[in-house]
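Dear colleague,

I am handing over the structure we spoke about, and I would be glad if you kept it open beside this message while you read.

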Amino acid sequence: LKEVVIPNSVETINPGAFNNCTSLQSVYAFYSNPMTLTRSNSWSSDYPFYNVNPECCLYIPIGTASRYRTAYWTFPKYQEIGTITITAQGKGQVIYNETAISEGSMSFNFKPYTPLKLTIVPNDSYVLKSVICNGENITESVIDNKLLFDDPDSDLNLIVTFGDSHIIGDSNSDNIITIADAVNIANHIIGLTTTNFNFLAS
């Protein structure tokens, strides 16, 4: 047994449950307020993780290490980890750790205070409309399709929205609205020749 993942649905871990698991390398627990671990009696040392591998690491949510220690989650090593949840809406992709998210959500763990880099790529004829992180609009932080979090110290909930690139009224696709667009639309209506007529924008 090298790895154990303890879901939040687990309410009790019996004394001695993982005693002497010298091959155990990683334990993942996601409680914000962990249960207090117990031993079978006051003179016993059989806490659930007694005498595990001296290199075993307990991975826990950001900001909870002191709570786990107080609750007798005694491990050789502790590592707080964060969660980034990425939701992509519309036609485009958000790429993180070589995984592309498109029109859906995915969550990943990360080590706090370690830079995170995302690549944001709209599909052809679409543009990035907004990037919302933990309720804040950070769209202007996207530079050359890259979004960097220098030293994240909390969980991140990211919503990336893509939309079509048409400017309503820009009938000649020059990215500005002028009298020429009105003339272009009028010509289209009466059947005359038009210039780069963009039906969707008109």
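What follows is a walk through the findings, taken one topic at a time.

Please keep in mind throughout that this is a predicted model.

I begin with the strands. Strand S4, which covers residues 77-89, runs parallel to strand S3, residues 57-61, and five bridges join the two; within this pairing, Leu58 has Tyr78 in S4 as its bridge partner. S4 also pairs with strand S7, residues 104-110, but in the antiparallel sense and over seven bridges, and here Thr83 stands opposite Asn109 of S7. Strand S12, residues 156-164, is a further partner of S4, joined to S4 by six bridges and running parallel, with Thr161 in S12 as the bridge partner of Gln89.

Which residues does Thr87 touch, once its neighbours within four places in sequence are left aside? Thr87, a residue of strand S4, is in contact with Gly104, Ser105, Leu158, Ile159 and Val160. The side chains of Thr87 and Ser105 are also joined by a polar contact of 2.6 Å. Thr87 has a relative accessibility of 14%, and because buried means under 20%, Thr87 counts as buried.

Next come the aromatic rings, of which a search of the whole structure finds eight pairs. In one of them, the rings of Phe18 and Phe49 have centres 4.9 Å apart and planes at 5°, so this pair is stacked. Phe18 lies in the loop between S1 and S2 and Phe49 in the loop between S2 and S3, 31 residues apart, and the pair therefore links distant parts of the chain. Both Phe18 and Phe49 are buried. The rings of Tyr47 and Tyr72 are likewise stacked, because their centres are 5.4 Å apart and their planes at 10°. Since Tyr47 is in the loop between S2 and S3 while Tyr72 is in the loop between H1 and S4, this pair ties together parts that are 25 residues apart in sequence. Tyr72 counts as partly exposed, at 41% relative accessibility. One aromatic cluster is formed by Phe18, Tyr31, Phe49, Tyr68, Trp73 and Phe75.

How many disulfides does a search of the whole structure find? The search finds zero. Cys21 is in no disulfide, and the nearest cysteine sulfur, that of Cys56, is 9.0 Å away. Cys56 is in no disulfide either, the nearest cysteine sulfur being that of Cys57, at 7.2 Å. Cys21 is buried, with a relative accessible area of 19%, and Cys56 counts as buried at 0% relative accessibility.

Ser9 lies in the loop between strand S1 (3-6) and strand S2 (26-29) and counts as exposed, at 60% relative accessibility; its C-alpha is 9.5 Å from that of Tyr31, although the two are 22 residues apart in sequence. Gly63 belongs to the loop between S3 and helix H1 (65-70) and counts as partly exposed at 44%, and its C-alpha is separated by 8.6 Å from that of Ser32, 31 residues away along the chain.

Finally, helix H2, residues 179-190, has 12 residues and reaches 17 Å from its first C-alpha to its last, close to the 16 Å expected. Gly191 follows H2, and its phi is positive, near 90°.

Definitions and conventions. Residues numbered from 1 in each chain as written. Predicted model: local features only at pLDDT ≥ 70, side-chain atom pairs only at ≥ 80, totals over all residues. Heavy atoms only, no water. Pairing = 2+ DSSP bridges. Helix = DSSP H or I, 4+ residues; strand = E, 2+ residues; numbered from the N terminus. Disulfide = S-S within 2.5 Å. Buried < 20%, exposed > 50% of the residue type's maximum accessible area, 1.4 Å probe, protein only. Expected span 1.5 Å × (residues − 1). Polar contact = N/O pair within 3.5 Å; in protein donor to acceptor, adjacent residues only side chain to side chain. Contact = heavy atoms within 4.5 Å. Phe/Tyr/Trp six-rings, centres within 6.5 Å; stacked < 30°, edge-to-face > 60°.
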